Amino acid sequence: MSLLVVGLSHRTAPVGVLERAALTGDVPTRLLHDAAATATVGEAALVNTCNRIELYADVDKFHAGVAELSLLLAHHSGVDLEELTSHLYVHYEDRAVHHLFSVACGLDSMVVGEGQILGQLRDALAKAQEEHTAGRGLNELFQQALRVGKRAHSETGIDKAGQSLVTFGLEQVAAGAGEIAGKRALVVGAGSMSSLAAATLVRSGVTDLLIANRTPARAERLVEILGPDVARTLDLAKVPEALADVDLVISCTGAAGVVIKAEDVAAAVALRAASEPLALLDLAMPRDVDHAVHELSGALLVDLESLSHAHAATPGAGDVDEVTRIVADEVTAFGAAQRAARIAPTVVALRSMASDVVAAELGRLESRLPDLDERSRAEIGQAVRRVVDKLLHAPTVRVKQLAAEPGGASYADALRELFDLDPAAVHAVSGTPVGSVPQPSAGGTR
């Protein structure tokens with residue numbers, strides 16, 4: 001496969017752009033199908049999280065693939081193509097594999113080493129499988145990325161290099177509004193991030209927790225998991241009036257607009273008797289909490305933008321270097337395996353052609369020497385096959401070795417040309433469309 005990734009993340013785009021580009025509702029599904037339907041794309045998968053949007057595709061033309069995927073991202077995100085392009089990154093072939101493996105290990109996360117990205121990649125693959133936009137190539141790639149991510153977490157201390165976004169956010173809240181233990185808290189939303197936040201709050205010592213969600217059943221289910229002695233549900237419409245009765249709010253709903261308004265926070269602050277500020281942790285993209293809350297006295301807002309600035313100032317960990325080495329080794333191994341797999345159909349087709357030639361010549365021998373006894377016929381047949389096998393052994397073994405190296409696909413092309421192999425025969429073995437020729441690698445560009 002010729003892998004191409006086009007995307008934007010917290011590393012290349014400000015929060016304001018990520019917020020406007022956020023894909024919600026059925027937009028991700030439509031983008032995925034539109035990408036897979038383009039002329040240059042054979043397979044497609046979409047990684048869509050609060051701080052990254054990435055399209056992965058198996059393409060047959062590099063430049064056309066970049067242009068088409070960039071246009072689709074602009075169209076479905078609603079961000080002007082010219083503006084979006086300045087924030088996009090593009091990786092191709094081995095550089096694209098390296099990027100995905102780095103993402104899986106948490107090296108490219110806002111909080112380095114966080115493990116939540118593995119679940120998000122697993123969801124991206126499951127979605128592409130469900131929508132039938134991922135084939136063998138992307139399935140193998142994402143499965144390997146998940147294995148690499150698990151290896152990084154099991155063999156190194158990358159988990160200690162950073163925490164989950166929730167944990168890191170709560171640390172920032174504690175720094176500005178006091179310890180989490182004993183606080184009265186409200187979680188708005190009941191998705192995976194909100195559920196993680198609620199569970200983290202309980203582990204941190206929160207004993208009075210409200211859960212509000214657009215779908216009450218999901219909030220009730222989360223309360224059952226956490227325990228009714230700790231948590232209880234709240235009607236989403238009552239969130240504004242509940243702000244005055246809590247010390248901490250965590251919001252992550254996936255809503256298209258603001259969920260918690262600045263005027264509601266201001267009203268709640270005015271009613272509070274507590275000396276510590278009302279803390280709000282906004283983990284949503286686009287944001288749930290009005291940005292104007294930053295300007296309110298008596299309120300502390302920690303959002304993705306402030307988390308990004310805070311984490312940039314934290315020291316790195318030695319384990320990052322070890323994970324970087326693991327990623328490099330895994331990319332090399334994956335690339336070698338992929339290149340070797342590309343040559344295999346050509347080798348099989350060559351040996352099949354040789355077998356047909358031997359059979360034809362033995363058939364011709366039988367017609368010319370019909371009186372040849374069985375033992376002689378068998379000896380001649382075995383001798384001819386041995387000659388052919390010995391002649392093919394060295395070039396086929398060597399071409400497999402060469403194919404595992406960068407640029408190895410050219411050796412398969414040379415083999416097909418030298419032996420005049422029928423492209424249909426190779427296609428029958430590999431399932432690759434006849435005449436599909438990947439474009440020269442462009443590496444990673446911005």
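The following conversation walks through a predicted model of a protein chain.

Visitor: What kind of model is this, and how are residues numbered?

Guide: This is a predicted model, in which local features need pLDDT of at least 70 and side-chain atom pairs count only at pLDDT 80 or more, while totals for chains, interfaces and linings use all residues. Residues are numbered from 1 along each chain as its sequence is written, and side-chain values use heavy atoms, with hydrogens and water left out.

Visitor: How many helices and strands does the protein chain have?

Guide: The protein chain has 18 helices and 11 strands. Both are DSSP runs numbered from the N terminus, helices being H or I with at least four residues and strands being E with at least two.

Visitor: And what share of the residues is buried?

Guide: Of the 446 residues of the protein chain, 47% count as buried. Buried means under 20% relative accessible area, exposed means over 50%, and partly exposed lies in between, with a 1.4 Å probe and protein chains only.

Visitor: What share of the contacts comes from residues 24 or more positions apart?

Guide: Among contacts in the protein chain with a separation of 6 or more, such residues account for 71%. A contact means heavy atoms within 4.5 Å.

Visitor: On to the sheet. In what order do its strands lie?

Guide: The order is E7-E6-E5-E8-E9-E10, giving an open sheet of 6 strands with parallel pairing. Two strands pair if DSSP finds at least two bridges between them. At the edges are strand E7 (231-234) and strand E10 (299-303), each of which pairs on one side only. From one strand to the next, the twist averages 20°.

Visitor: Which helix packs on the sheet at E6 and E7?

Guide: Helix H11 (residues 216-226) does so, touching both strands, and its direction makes about 170° with that of E7. Here axes are lines fitted to C-alpha atoms, for helices over the stretch in contact, and angles run from 0 to 180 degrees between N-to-C directions.

Visitor: How many bridges hold E6 on either side?

Guide: Strand E6 (residues 208-212) is joined to E7 by 4 bridges, and strand E5 (residues 184-188) is joined to E6 by 5 bridges. Leu 210 stands opposite Arg 232 in E7, while Arg 184 stands opposite Asp 208 in E6.

Visitor: Is E6 mostly covered or mostly open?

Guide: E6 is mostly covered, with 4 of its 5 residues buried.

Visitor: Changing topic, how many disulfides are there?

Guide: The structure holds 0 disulfides, a disulfide being a pair of cysteine sulfur atoms within 2.5 Å. For Cys 50, the nearest cysteine sulfur belongs to Cys 252 and is 6.7 Å away.

Visitor: Is Cys 50 buried or exposed?

Guide: Cys 50 counts as buried because its relative accessibility is 16%. Cys 105 also counts as buried, at 0%.

Visitor: What about Thr 49, where is that?

Guide: Thr 49 is in strand E2 and counts as buried, at 13% relative accessibility. Leaving aside residues up to four places away in sequence, Thr 49 touches Ile 117 and Gln 120. Thr 49 and Ala 124 are 75 residues apart in sequence, yet 9.7 Å apart in space, C-alpha to C-alpha.

Visitor: How much space lies in the second largest pocket?

Guide: About 1,300 Å³. Of the 41 residues lining this pocket, Leu 23, Asn 48, Ser 192, Thr 253 and Gly 254 are the closest to its centre. On a 1 Å grid over the protein atoms alone, a pocket is an open set of points where a 1.4 Å probe fits, with protein on both sides within 12 Å along at least five of seven lines, and lining residues have an atom within 4 Å of a point. Grid points are joined across faces, edges and corners, and the volume is the space filled by probe spheres set on the points.

Visitor: Which element gives the largest share of that lining?

Guide: H6 does, with 6 residues.

Visitor: Where is there a cis peptide bond?

Guide: A cis peptide bond joins Met 285 and Pro 286, with omega about 5°. Pro 286 lies in the loop between strand E9 (278-282) and E10.

Visitor: And what is the phi of Glu 93?

Guide: Phi of Glu 93 is near 55°, a positive value in a residue other than glycine. Most residues other than glycine have a negative phi. Glu 93 is in the loop between strand E4 (89-92) and helix H5 (94-105), and is buried, with a relative accessible area of 15%.

Visitor: Is His 132 buried or exposed?

Guide: His 132 counts as exposed, at 71% relative accessibility. His 132 has a positive phi of about 60° and sits in the loop between H6 and helix H7 (136-155).
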